[in-house]
There are 4 protein chains.
Amino acid sequence: LSDLLRGGRLAATRKDVTAFTSSIAHDGVLFRPVVKINQAHVVMLMEQEIIAQEEGRRLLQALQGIRRLAARPGLEDVHMYVEEEVVKATNDRVGGNLHIAKSRNDQVSTAIRMKLRRDLTRLVATITTLQDALLDTAGHHLNTVFPGYTHLRPAQPITLAHYLVACVDVLERDVQRMKEAYPRVNQCPMGACALATTSFPISRERVAELLGFDGLLENSVDAVGSRDFLLEVLAAVTIFATDVSRMVADLIVWSSLEFGLLELPDAFSATSSIMPQKKNPDVLEVVRARMSRIQGRFASVATSLTSLPSTYNMDLQEITPTLWAALHEAEASTKILAELYPELRVSGRPFEKAGYAFTTATELANILTRKYGVPFRAAHKAVGAVIKALVEHDGTSRDISTGLLEAAVKENADLALQIQQQDIEDALNPTRFVDAHHVRGGPAPREVTRMLKTRRRRLRSSRQWVDRKSADQSDAEERLDRESTAHEAV
Amino acid sequence: LSDLLRGGRLAATRKDVTAFTSSIAHDGVLFRPVVKINQAHVVMLMEQEIIAQEEGRRLLQALQGIRRLAARPGLEDVHMYVEEEVVKATNDRVGGNLHIAKSRNDQVSTAIRMKLRRDLTRLVATITTLQDALLDTAGHHLNTVFPGYTHLRPAQPITLAHYLVACVDVLERDVQRMKEAYPRVNQCPMGACALATTSFPISRERVAELLGFDGLLENSVDAVGSRDFLLEVLAAVTIFATDVSRMVADLIVWSSLEFGLLELPDAFSATSSIMPQKKNPDVLEVVRARMSRIQGRFASVATSLTSLPSTYNMDLQEITPTLWAALHEAEASTKILAELYPELRVSGRPFEKAGYAFTTATELANILTRKYGVPFRAAHKAVGAVIKALVEHDGTSRDISTGLLEAAVKENADLALQIQQQDIEDALNPTRFVDAHHVRGGPAPREVTRMLKTRRRRLRSSRQWVDRKSADQSDAEERLDRESTAHEAV
Amino acid sequence: LSDLLRGGRLAATRKDVTAFTSSIAHDGVLFRPVVKINQAHVVMLMEQEIIAQEEGRRLLQALQGIRRLAARPGLEDVHMYVEEEVVKATNDRVGGNLHIAKSRNDQVSTAIRMKLRRDLTRLVATITTLQDALLDTAGHHLNTVFPGYTHLRPAQPITLAHYLVACVDVLERDVQRMKEAYPRVNQCPMGACALATTSFPISRERVAELLGFDGLLENSVDAVGSRDFLLEVLAAVTIFATDVSRMVADLIVWSSLEFGLLELPDAFSATSSIMPQKKNPDVLEVVRARMSRIQGRFASVATSLTSLPSTYNMDLQEITPTLWAALHEAEASTKILAELYPELRVSGRPFEKAGYAFTTATELANILTRKYGVPFRAAHKAVGAVIKALVEHDGTSRDISTGLLEAAVKENADLALQIQQQDIEDALNPTRFVDAHHVRGGPAPREVTRMLKTRRRRLRSSRQWVDRKSADQSDAEERLDRESTAHEAV
Amino acid sequence: LSDLLRGGRLAATRKDVTAFTSSIAHDGVLFRPVVKINQAHVVMLMEQEIIAQEEGRRLLQALQGIRRLAARPGLEDVHMYVEEEVVKATNDRVGGNLHIAKSRNDQVSTAIRMKLRRDLTRLVATITTLQDALLDTAGHHLNTVFPGYTHLRPAQPITLAHYLVACVDVLERDVQRMKEAYPRVNQCPMGACALATTSFPISRERVAELLGFDGLLENSVDAVGSRDFLLEVLAAVTIFATDVSRMVADLIVWSSLEFGLLELPDAFSATSSIMPQKKNPDVLEVVRARMSRIQGRFASVATSLTSLPSTYNMDLQEITPTLWAALHEAEASTKILAELYPELRVSGRPFEKAGYAFTTATELANILTRKYGVPFRAAHKAVGAVIKALVEHDGTSRDISTGLLEAAVKENADLALQIQQQDIEDALNPTRFVDAHHVRGGPAPREVTRMLKTRRRRLRSSRQWVDRKSADQSDAEERLDRESTAHEAV
């Protein structure tokens, strides 16, 4: 514990104990916010005439002079560091007033929120970049017929662009959740002090304004003790992590030798030390693992908060580094994926393989229903029977003859049809299949083209959000600097 | 697997295998939504002239006739059940067309969303009831001076009302997150079919409208394969669970014999089979345990989704019951807490105990600074030194004399003061302390009264949201019934 | 709360509250153990002359008469049920003595352990069956050359038997962990009473012996409050679940159309309602999902226990059903896998595909080193360069000529060699590759044959363990029945 | 990717990609083991005459010369580092042979196990120290009557020593689990190479022996791909973490002002920056938070492993740092607790407070049964009725008169008794209560003294285990050095 505090109540602590409880190793990222908070607080104290102008000026000058967090043994945290530096630069009397009407409890929650709003904005920006990369890639693959899978089995033809738009939409909801969390992050706890506010006539609104917050975390007990804003962001990142892990799992499987649908860029792969023919998806595997790690980070924090007594406990200090780690892992992985996707190459012609050809079977059933009036389930059965027969005899879709199909329809629906060969060919052609699926949200190139357009628009709005929030954050900093300078000069 | 499907591809499955993979034990809750979806789908098929009017009429009549899900061995799921019942009530030809242009993949996601929007609305309503109970209770305790804790140590006096408003605010953010999740839940996947939409000229918009959705889950790959809406709701419930567990942990500790701050209502407590003097917080402990269980439910689902191949896999079937369980646990616990809080009785007069009296120490330091010009840190140190001396000699706050305090100020700030006894008494009086903390968000009764008013307003808006959503859901059902009847009659 | 208890301390509870806290819905599985515990307890009370022989006889007869747990509204738990039934069958005076020197706290922990030791034994037995199935399957595939994967890329040839033995070994460690947990489960808490034992001169050793425990959970505070035995079993099941999920993930991928290495048995697959060509791995996906659910169950319980006050809290009641659920899910999944594995058919000839052929590349490098003295890394580089060239020109391993290889060695190792064509052919032949890898633990058929033999031996010892534990459990029950009857007859 | 490998298959990777996938930041702890492994491997290669003696000598000398892991940009991992350094110190030809018959896959798993066995041994040693501290503290508190709690309500008197022995027993099972995990950790994967062993005539047994392993991780697919040993250790640490968090939660509550049972040592507490009277349990809160964090670390790794393809994937690299972090957190927290417990001071005389006195109520009921023949449940009810009446009239246990009790017995058991005042006083005296509870495992000082003795014996055996394992590890290192030197000298 800092000497500043220990004049009073307790006997001296031990160095090993301080080292154990100190947050200083993780406080670097909170240094700037803590200085800013102190500036804003002093400006407010001057305006409210709680401290003398001269005192305030000296405090502001002292704060100006602290350039960085210089860790030293026995240092408890960034809050004490800043206060000690100010006392050093002024004296006990002046510096000792910096802490009027505030506490570490409100200050640390405020500082976390200031860093978090920046990190959250940056993560949204990075996801936007990934979405952009996906849309660009999709733009090149509007006509790339691609197997659509369910249960990891080829189900029906879609296009690669269609799949990529689905990824963009999933990420869009991730972005929405992060944006919606933002206003709950960007509330100012300052003035809550230890937990009961203060009897000094402070202006909480003014501090919140100077620090660029959207409003106050009003109730002071709530202000110092709640970390749901943090858990909410972690939850959003965790959901995002599951989404990304699914995208990555697709790529790992599809770029396997056996699937052979995609070729990973060399620059994002690795070879083996002993098996020269290998091309391992190292980057994707690392992303996958980091996404799983984020799951655990959420669990860490949620477990810490469960049944924790209300208001401030040291446990709250310990959960913050986990938040930063999750955000960092999410951002770094997103960034590298944004560079990887555009480098993917489509390889192979899957629909020439026997198994894939059957993926258009539903369309054959549909045509039997639509054009020949076969009841849907009967059509389904008939086509199924045909495929079963072919699979058992190593046949392919090319072996689906009119005769075979007519016999199956007779058997399953008791209908005698004359089916045209061209209908079979049309139904089985994957490109025609895709074109025929042009209802809203379908894989047909013209529908995907339309979707691409609307996604690009949405993306622009996300980017505007990012720009606006970044500007708000920077503007607040500059405004505070100006106010601070003005007050120093008074 | 239902016989309906197996005409085709595969040899018969075994009963134990069907029992293993069947979801029928959990499908009861999806029965109504699945019937509704089929109704809406048939109406649309008729309107789009994909099926004949006569056929549509018979399908609608058959759907009307299915009253309940009658589980039978070998039954795969609710989707097959409804289809089989319709086939029974009509015939293969007519009933076989029910499945045109849809699939279990889009149908199940739609059904989950329909049930979920109801459950979510009901949970929000229940939380609103709890908030209401907290505000009512707060209304009775505006002047109930209560210790505010940090680190489970009495820190400063607040009021019970002040604390309860903090709980209301925490829950308010939980409600916000649930409300914000709602529009992402209330999107319609129908028409996505297996994953690639259909070549039939369906109107996805019409089905969405008939089922009361806010819009389409547009991209069909996304529509059948994404469960982030479900994980998001679970995340919101999980954060809510941590919040509730903290509230409950407070009550368990505060109602302990030793804290003696609150008396739990007898009706919500239990005695021991062997220790007749016990009054155990059984209800609160069960709530706490259920909140922890919800953490695990989130982990279950998140782990299931991690690295899962895109689109539909059977894993998605398995995560749904976990969602319902979490929602049920959250709602039942909330409901019982809403009944418990108003029955809490405040017991004891904590501020007469030695230790509590020192909780006003900050105010003494503040007065030294504000009135006597002692630099803040020095005032803090001086007060700390006085308390340390008293604690060591088993003194209480009543032993803080002017002389003692003046000596401490001299020692710590090198200032010779003449302190008035009245100032000390004022500072140390917890009621005066609370009154003096009247800045925004503080515990002063007039400030808490103001906050109560704004919270009541917010609560009204939450209730309106609940009413609006409930009405939307019911209206949609009725509208669909009308449309369905109209189409039957054509 | 049962009327039995409420004569005393508290006003009547409400039905909704009892329903909320009651464990009766989950207590069915504890009914038999609870009756047994009461029998053993009465026998001991008689032997220690704490109760009169006549009283003891009537209690034992009454216990004999309770056939099943008949849930009724307002019933708190199985412990009260049994006591109430005994009171009904005797009278207040006699029945009222059943609870002398015991408490629900020690009784419930004892009952859980009695059920758990059975469930654990059965799970071990079931895993043994799965291991047996794997060994049998392996026995048929000693010479089935199969690609060994790393990073989901074919790395080197192994055999299917080699892989299956690896699975058996993984499961063996799971079994070991469960066996090692058993003695910690099988300790008797009885006599700890509420938490401080009793002043009656009971014999805890005798009760433990009568119930077939290995010993006492000695310290009474530990006895009633610890659930690490339960969390440990859950941990073992959770690790097992990750192991099984990996095995299942392999099967899902390998049985895909694209990998085409294995054909799933029809009886364990499903088709799609709309895509007749599909053969979905439903059973495997459900197993995978359940394994993920088990992860969450562990998290539930671990979170519940974290920071829980020592000794008994109601939270402990709430975690028990989670344990049973996890055990049930593990057992059912294991059982179905034991039936599935032997039905797997190997399909395709992977090593005829271009990509797979390169999986013997390490052997080519090894031969260059071993026979031609090329430094290892240089050999590796040379082979890598050859493969790179071939991959770029769509060549296969058949195109690796002596000339090409010699050039690569010259380039990378500056050595001029004369390589024999036969050496290349030998190196690249996957069957020869497998044969050459006959060091301990390698894929060579003779080595795998040896490993199969040792695994069969180990399996026998596992089965003996299961038989011994089952016998111990049954013997204890019978012995208790005999003792009980003897005491009734006295 | 290191240049060493890239001569071959892939185009150059990018620096950002290498930085993303590199494990070098976490590989420091594996440096020593990796060097040792290489030494043992070379010795074996020489003995098996796979490499020339001269070559082996030079490799061993080169290995001897590598002093530390010097991270440099673009460095992939510690394995490549060591190999590159050896190549530098020798040349391509000699150094290039270091990698004969091994792979990073087997090497990394071996290195993790070597570090893990040390860390696990050290953690067991540290827990032993904590147990020792608990036993010492218990030795001073054999007669310190202390409230035993259930449901956080005082239930019955025990002694502080009795409680502390319970903690020792809980920790003992933690230690058992760790010891039982050890032999599964201490198995050698070397020789498994990439996954299929090698065609070189290596001796896997010899390498395992040189590295001090208990045996081989035999099947090579299992050897490179399994991480259950790691998850098992994490599970043991996680269970330990829940146990410790419960112990710590007890201390936090008991040292609260209100419970006032224990005084935390000043050196392990902290004061508030604004509330000089506070004495916060910072150390305990930090421990509690770290224990929760460990829960999440388990979840991270379990999620990563779930459904992971068999054998090696990069995900395995990513889970290792999580293991080290959990072990470090567990050890540091244990160490500080071992220093904290002996400094705890017992404060207050709880049994003089009204509420606590009733904690002996069971004994009063027992005496009614034992001495006066009142049926147990009736005695319970009678005592409950008396206490209820007293609580309602703010009475204390001193107000339990013979008349009151006789009346209650009459009412509840319809028995007319003449109760002696002395019996009431004896029953209600907490010290007599404790003395009377002397059955096995009970709180009576003579029974706890006996338990202390047996625990001290067990502790000695744990320490012997630690010493033996430490010696084994060091002996292996030294033996290897000797062998290595001998081979260098040949």
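This is a predicted model: local features need pLDDT of at least 70, side-chain atom pairs count only at pLDDT 80 or more; totals for chains, interfaces and linings use all residues.
Visitor: How is chain C related to chain D?

Guide: Chain C superposes on chain D with an RMSD of 0.0 Å. The rotation is 180°, with 0.0 Å of shift along its axis. The two copies are thus related as by a two-fold rotation axis.

Visitor: Which C-alpha of chain C is nearest the axis?

Guide: The axis in question is that of the 180° rotation that superposes chain C on chain D. In chain C, the nearest C-alpha is 3.1 Å from this axis. That C-alpha belongs to C:Ala235.

Visitor: What area is buried between chain C and chain D?

Guide: The contact takes 107 residues from chain C and 108 residues from chain D. One surface serves both copies: 100% of the contact residues of chain C recur in chain D. Carbon and sulfur atoms give 55% of the buried area. The total is about 9000 Å².

Visitor: Which residues of chain C lose the most area to chain D?

Guide: Three arginines lead here. Together they give 9% of what the chain C side buries. They are C:Arg246, C:Arg377 and C:Arg440.

Visitor: Which residue of chain D forms a salt bridge with C:Arg377?

Guide: The interface of chain C and chain D holds 20 salt bridges. In the one with C:Arg377, the closest N and O atoms are 2.3 Å apart. The cut-off is 4 Å. The partner is D:Glu83.

Visitor: Which helix of chain C gives the most to the side that touches chain D?

Guide: That side divides into 43 nonpolar, 36 polar and 28 charged residues. Across the interface there are 62 residue pairs in polar contact. The leading helix spans residues 228-254 and gives 13 residues. It is helix α12 of chain C.

Visitor: How many salt bridges cross the interface of chain A and chain C?

Guide: The contact takes 42 residues from chain A and 42 residues from chain C. Between these chains, 14 residue pairs are in polar contact. The chain A side divides into 19 nonpolar, 16 polar and seven charged residues. The count of salt bridges is zero.

Visitor: What area is buried between chain A and chain C?

Guide: Carbon and sulfur atoms give 63% of this area. The buried area is about 3400 Å².

Visitor: Which element gives the largest share of the side of chain A that touches chain C?

Guide: Several elements of chain A each supply at least two residues, among them β1 (145-150), β2 (153-159) and α12 (228-254). Helices α13 (282-305) and α16 (361-372) are also included. The largest share is six residues. It comes from α17(A).

Visitor: What is the radius of gyration of chain A?

Guide: Chain A has 21 helices and six strands. Its C-alpha atoms fill a box of roughly 100 × 50 × 40 Å along the principal axes. The globule rule gives 23 Å for 490 residues, and chain A is well over that, so it is more spread out than a compact globule. The radius of gyration is 31 Å.

Terms used
Residues are numbered from 1 along each chain as its sequence is written. Chains are lettered from A and ligands numbered from 1 in the order in which they are written. Side-chain values use heavy atoms; hydrogens and water are left out. Copies are superposed by least squares on the C-alpha atoms of residues with pLDDT of at least 70 in both. Contact means heavy atoms within 4.5 Å. Buried area is the accessible area (1.4 Å probe) that two parts lose on being put together, summed over both. A salt bridge is a side-chain nitrogen of Lys or Arg within 4 Å of a carboxyl oxygen of Asp or Glu. A polar contact is a pair of N or O atoms within 3.5 Å; within protein, one must be able to donate a hydrogen and the other to accept it, and residues adjacent in sequence count only if both atoms are side-chain atoms. Helices (H or I, at least four residues) and strands (E, at least two) are DSSP runs, numbered from the N terminus. Ala, Val, Leu, Ile, Met, Phe, Trp, Tyr, Cys and Pro count as nonpolar, Asp, Glu, Lys and Arg as charged, and the others, Gly among them, as polar. The radius of gyration is taken over C-alpha atoms; the globule rule is 2.2 Å times the number of residues to the power 0.38.
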